[in-house]
Amino acid sequence: MTTIAHLSDVHLAPLPWPGITQMFNQRVLGFLNWHVFGRKEHHRRDMLEVLVADLKQRSFDHLAITGDIVNIALPQEFAQAVPWLAQLGRPEDLSIVPGNHDAYTAISMRKGIGTWTPYMRSTAAGAAYARSLTTEPYTGFPFVRLVGDVALVGLASGIPTRPFAAYGTLGSAQRAAFEDTLIALSGTGRAIVVLIHHPPLPGLAAPMRDLTDGEEFAAILSRREVHLVLHGHNHRNELAYGAGPHGAYPVVGIASASMAVPTHAPLAQYNCYDFARGADGWEITMREFAAQAPGGAIKALPPRLLAPADASAAPAEATAGASDLAVGGKAA
């Protein structure tokens, strides 16, 4: 059995104080949102530390983070994130895909997400299957990492956007490379897990917060085999099913790993996914670990079998929407 752990939307605190010249763009809005309009009360470092401490007590083979590690893409934030990532694990044990806050504004790769390159590139074994981009703004995506019986495929959907927008885009080149990567992985006998920040299917995020080429991306997923898609962005615990060539596949979104205000969104959570070979294909069990109070203990929730999907969990129109998962016994 192979186990993949998942957390997302870290929004690492504290937010460093920016220089004047760093504020001549939409960072001004993000800075005000953090300090004036209360975002810093929502995303608390103490809540994140409690969650990570609990995660480290679990047994798993690999950790995936689906974006938004930083807040307004300051170079100081990326530098601050480097030691935080290092204490989570070695680059071979941790995979990252960037979110819209990581790409909040244009910044050089050297000072921005490029500082996380060791966590965002194919492993030596995975490179044989990856058909990665070699041009800016993102090089090395999609990446492939082989972990036990699982192939992790990482995508970059975060892009700089205009103010008051948080949409993502893969682009035609990355979509084509992604489909070629899935073709290369087909027949390997591995469970294929896709990592992306934005909800991947149409209707899973509000307009201006969605994946602009979600329909094109969903079309690829409808004709190429994948077994699980993990995302963040919505700060909610969500489960949807997409229609693949061999049946339904689960799409799971997760709460922010630092959320400490239960009236705003579900409290911080991480998930673990267990992959086992069954008589009818991959059996995927999700185990959820959720905070019960701000800064309080983490509770293990009842396991859920994601695949194979039963008829009630995977309706015929599987891309029609998402249903919230239970958090602490209540709907998220």
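Predicted model: local features only at pLDDT ≥ 70, side-chain atom pairs only at ≥ 80, totals over all residues.
User: Which strands pair with β10, and in what sense?

Analyst: In a regular strand the side chains alternate between the two faces of the sheet. Here β10 pairs with strand β1, residues 2–7, over five bridges in the antiparallel sense. Strand β11, residues 281–291, pairs with β10 over 10 bridges, also antiparallel. On the β11 side, Q269 has A290 as its bridge partner.

User: How many residues lie between β10 and β11?

Analyst: Two residues lie between them, and the strands form a hairpin.

User: Which residues have the most contacts inside the largest nonpolar core?

Analyst: A nonpolar core joins buried residues through side-chain atoms within 4.5 Å. The largest one has 68 residues. I65, L85, W116 and F275 have the most contacts inside it. A second, separate core has 24 residues, among them V144, F178, A218 and A240.

User: Is E238 buried or exposed?

Analyst: Compare its relative accessible area with the 20% cut-off. E238 has 3%, so E238 is buried. This residue is found in strand β8, residues 238–244. Its side chain is joined to that of R236 by a polar contact of 3.3 Å.

Methods. Residues numbered from 1 in each chain as written. Heavy atoms only, no water. Pairing = 2+ DSSP bridges. Helix = DSSP H or I, 4+ residues; strand = E, 2+ residues; numbered from the N terminus. Buried < 20%, exposed > 50% of the residue type's maximum accessible area, 1.4 Å probe, protein only. Polar contact = N/O pair within 3.5 Å; in protein donor to acceptor, adjacent residues only side chain to side chain.
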